[in-house]
Amino acid sequence: MTIDIAVLPGDGIGVEVIAAAMKVLEHVARGGGHPIQATYADVGWAAIDKHGTALPAATRDVCRRSKAILFGAVGLPDRDKTLPQAQRPERVALLELRKGLFANLRHVVLPPGLAEHCPLKAHLIAAGIDIMIIRELTGGLYYGKPQGISGDAPNRAAVDTMAYSEKEIVRILKVGFETARKRRRRLTSVDKANILATSQLWRETATAMGADYPDVQLEHMYVDNASMQLLRRPTEFDVIVTENTFGDILSDEASMLCGSIGLVPSACLGDDPSVVPFYEPIHGSAPDIAGQNKANPIGAILTVAMMLRYTFGLNQEATAIEKGCSKVLNAAKVLTGDLGGKASCSDVTAAVIAAM
Ligand code: IPM
Ligand code: MG
């Protein structure tokens, strides 16, 4: 099978972590006899500097013609400030490329060898942490109308709208139930049903759907409680499904359970075959360490594993990458600075390839 992908490294450490991820991809693809057709394209500031926009038409075309998008990071806070919000790379590129992809899977795993990097006490994490967060990605506060600031200072007012249709709720909960079914069969649906109407509809819908998944243990949790339980009993979570903003916040919180946000991969998936799935590590562009071969490539490498599994059905190759990463992390010898080590991005990449 040809692994036909658009590669968009973007800004900051996006460049080096995607180069690392591509090395690992080349290694597994060669082993399995799968040719890679990778087309590189500019995005973010790299694109603004050359083409005047964070998402040039040529980049869109490359994406449209590919089976998956492998994305690094966009945005450079110092330069972003110079642009109105509507022109910043995260709006123009990131949110654009994610359009139509309603299911954002963020996989948080603490390799046992990194237990001391988890900020929680040993007894709280002894049973192991492996949480799949499923964040709804195309609705809620990010897109609801009305949205905006009106009036004149000092009497301005601002509004954001959290809106969800039943159809949007059903399709994301379905991903939640089905993912739980393939894992430990526990689904935590996170909402704020004591206050929000969208959450009341969400909870009602989840309860009704639960009848079709008698093999999945469904629990409902308020988002404020969920943020607390993630620290109190993280090992009991299997799959979490939640709306856009709650998922944004909880996934950053959960990422720290494995010691570094640099370890967490993600996939953005939809159900419309004309929208190209999008894969990215969840970390940002980290301009403070960019270009110094210091970034942790594991999040990007594990992102490639998700891409092979979800878009190309290459489960064996995906598992081989995941095992290679766990070996390196569990040995805890070759680690980047975010995990207290001295190894470079390329050292870690080479170690992962050697461990496969
Ligand atoms: C994320 C980020 C983005 C989001 C921002 C940069 C728009 O925080 O991927 O989690 O909120 O989705
Ligand atoms: Mg976020």
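Here is a short chat about a predicted model, one residue or site at a time.

Residues are numbered from 1 along each chain as its sequence is written, while chains are lettered from A and ligands numbered from 1 in the order in which they are written. As this is a predicted model, local features need pLDDT of at least 70, side-chain atom pairs count only at pLDDT 80 or more, and totals for chains, interfaces and linings use all residues; side-chain values use heavy atoms, with hydrogens and water left out.

Reader: Which residues are around ligand 1?
Author: Being around the ligand takes a heavy atom within 4 Å of it. The residues that qualify are Glu90, Leu94, Arg98, Arg106, Arg135, Tyr142 and Asp248.

Reader: How much of the accessible area of ligand 1 does the protein cover?
Author: Areas here come from the Shrake-Rupley method with a 1.4 Å probe. On its own, ligand 1 has 320 Å² of accessible area. The protein's share of the cover is 76%.

Reader: Which side chain is joined to that of glutamine 147 by a polar contact of 3.0 Å?
Author: A polar contact is a pair of N or O atoms within 3.5 Å; within protein, one must be able to donate a hydrogen and the other to accept it, and residues adjacent in sequence count only if both atoms are side-chain atoms. The glutamine 147 side chain also reaches the backbone oxygen of leucine 141, at 3.3 Å. The side chain at 3.0 Å is that of aspartate 160.

Reader: Which residue does a cis peptide bond join to lysine 145?
Author: Most peptide bonds are trans. This one is cis, with omega at about 0°.

Reader: Where is proline 154, which a cis peptide bond joins to alanine 153?
Author: The bond from alanine 153 to proline 154 has an omega of about 0°. Proline 154 itself sits in the loop between strand 6 and strand 7 (157-161).

Reader: What is the phi of asparagine 293?
Author: Most residues other than glycine have a negative phi. Asparagine 293 isn't a glycine, yet its phi is positive. This residue lies in the loop between strand 12 and helix 11, and its phi is about 60°.

Reader: Why does serine 260 count as buried?
Author: Serine 260 is in the loop between helix 10 (244-255) and strand 11 (265-269). Leaving out residues up to four places away in sequence, serine 260 touches Ser255, Asn296, Asp338 and Leu339, where contact means heavy atoms within 4.5 Å. Serine 260 counts as buried because its relative accessibility is 6%.

Note on methods:
Helices (H or I, at least four residues) and strands (E, at least two) are DSSP runs, numbered from the N terminus. Buried means under 20% relative accessible area, exposed over 50%, partly exposed in between (1.4 Å probe, protein chains only).
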